[in-house]
Amino acid sequence: MGIVGLPNVGKSTLFNAITKAGAEAANYPFCTIEPNVGIVDVPDPRLQVLSDLYHSKRIVPAGMKFVDIAGLVKGASKGEGLGNKFLSHIRQTDAIAEVVRCFEDGNITHVEGSIDPIRDIEIINTELCLADLESVEKQQLKVQKLLKSGDKTAPAKNALLTRLVEALGDAKPARQVEMTKDEKEMIRELDLLTLKPILYVANVSEEEAADASGNPHVKALTEYAEKEGAQVITISAKVEEDIASLPADEAKEYLEMEGLTEAGLDRLIKAGFSLLGLQTFLTAGEMESRAWTIVKGFTAPQAAGKIHSDFEKGFIRAEIVSYDDLVACGSKQAAREKGLVRLEGKDYIMQDGDVVEFRFNV
């Protein structure tokens, strides 16, 4: 997930909190030139419970990679600021977390001179749409040559590209253009920036970390996001950075003191995981309790392949018990006696929280 936004909206402060990596967060544009990358654990309290049940030697959570990308300014699609680098770095991500400044602070410069989240979003949106428009128009020129040669696939592709040109020309992201699965496949090679799923991160003041309901900027952002079916996560990047610097027990006390039940970062990581259409299945034993990342809709053999390709090739059966059933029974044996441990075959669609043991033979 790429963290994007205008300069000085709190991207690098948020990234510092996510990874505790100390990415530079200076009060001037372009202090982040090369993208900083950090891999963070996906919060999952189920792993500690499994570890206690199985007396596991270690816990291995699922991970998510965050990329802190340089602040974008008007004209990025034409190479202004660090435009070209910004666009190439964001192209390498699977989803976008757009940080939007929703706090007033005269000591921190805003590149546009005032706080206006919708304007900020539309600046970035326009630049990404212009960059995509250029890619689509170049592709359409090639397809139109194929049209003349009688290529059978060209008419459908040309019609799709025409729809995209119209939308992008009106600063409408590609993800808002209705497309079938086959049509999305037609343009997959273009790797359009505005086709990537997005969520918005409202960066608020420390005083509003627990409750930003009275913040007019957050309200405007939420209304905007609802129109495009996007999610808004409200976070105080400064509070999150403070929490990240504390030991676990002190961090918990600090959260309570701030009136927070959960760190904003945990909410962001979970939301990002969901945005990417991911879920986890679990394995547990004496060696380790572990969360494995799969795409929603994966079959049991596909999930087995995440552990090792041999597991998928030689898949026989998956022995599965749901996490809730396992914990309620207190042991796998007790769950088995109640008929809650199932043997599933090749067509089984994995569910989040399945605790699995794969049977295979190669």
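**Entry 1: starting at Ser12**

I began with Ser12, which has its place in helix α1. For helices I take DSSP runs of H or I with at least four residues, for strands runs of E with at least two, both numbered from the N terminus. The model I am reading is a predicted one, where local features need pLDDT of at least 70 and side-chain atom pairs count only at pLDDT 80 or more, while totals for chains, interfaces and linings use all residues. Residues are numbered from 1 along each chain as its sequence is written, and side-chain values use heavy atoms, with hydrogens and water left out.

Is Ser12 buried or exposed? Ser12 counts as buried because its relative accessible area is 7%; the cut-offs are under 20% for buried, over 50% for exposed and partly exposed in between, with a 1.4 Å probe and protein chains only.

**Entry 2: Lys11 and the rest of α1**

Next I looked up Lys11, which lies in α1 too, a helix spanning residues 11-19. Lys11 is buried, at a relative accessible area of 6%. A polar atom of its side chain lies 3.4 Å from the backbone oxygen of Leu6.

How many residues of α1 are buried? I noted 9 of 9, so the helix is mostly covered by the definition of buried used above. Among them are Leu14, Phe15, Ala17 and Ile18.

I then checked the record: UniProt, in an unreviewed entry, places the feature "binding site" at Asn8, Val9, Gly10, Lys11, Ser12 and Thr13. UniProt positions are in the numbering used here, feature names are shortened, and annotations may be inferred rather than shown by experiment.

Most residues other than glycine have a negative phi. Asn8 sits in the loop between β1 (2-4) and α1, and is buried at 13% relative accessibility.

Which other residue did I note with a positive phi of about 60 degrees? That was Ala171, again not a glycine. Ala171 belongs to the loop between α5 (154-169) and α6 (181-186) and is partly exposed, with a relative accessible area of 30%.

**Entry 3: confidence**

The protein averages a pLDDT of 87, and 90% of the residues score at least 70; pLDDT is the predictor's confidence in each residue, from 0 to 100. Over residues 21-34 the pLDDT is below 50, yet in the model this stretch has 37 contacts beyond near neighbours in sequence, a contact being heavy atoms within 4.5 Å. Where pLDDT is low, the predicted coordinates should not be read in detail.

**Entry 4: rings**

I found 5 aromatic pairs in the structure; rings of Phe, Tyr and Trp (its six-membered ring) pair if their centres lie within 6.5 Å, with planes under 30 degrees apart counted as stacked, over 60 as edge-to-face and the rest as tilted. Phe281 and Trp292 form a stacked pair, 6.3 Å centre to centre with 10 degrees between the planes. This pair links distant parts of the chain, with Phe281 in strand β8 (residues 278-284) and Trp292 in strand β9 (residues 288-295), 11 residues apart.

Phe281 is buried at 0% relative accessibility, and Trp292 is buried at 12%. Ring pairs join Phe281, Trp292, Phe315 and Phe358 into a cluster.

What does Met350 touch, leaving aside neighbours within four places in sequence? I listed its contacts, including Phe281, Ile294, Phe298, Ile320 and Val356. Met350 is in the loop between β11 (342-344) and β12 (354-360) and is buried at 2% relative accessible area. Its C-alpha atom is 8.9 Å from that of Ile294, 56 residues apart along the chain.

Glu288 is in strand β9 and buried, with a relative accessible area of 16%. Its side chain makes a polar contact with the side chain of Arg290 at 3.4 Å. By polar contact I mean N or O atoms within 3.5 Å; within protein, one must be able to donate a hydrogen and the other to accept it, and residues adjacent in sequence count only if both atoms are side-chain atoms. Not counting residues up to four places away in sequence, Glu288 touches Ser56, Arg58, Val60 and Thr283.

**Entry 5: cysteines**

I counted 0 disulfides, a disulfide being a pair of cysteine sulfur atoms within 2.5 Å. Cys102 is buried at 1% relative accessible area, and Cys329 is buried at 18%.
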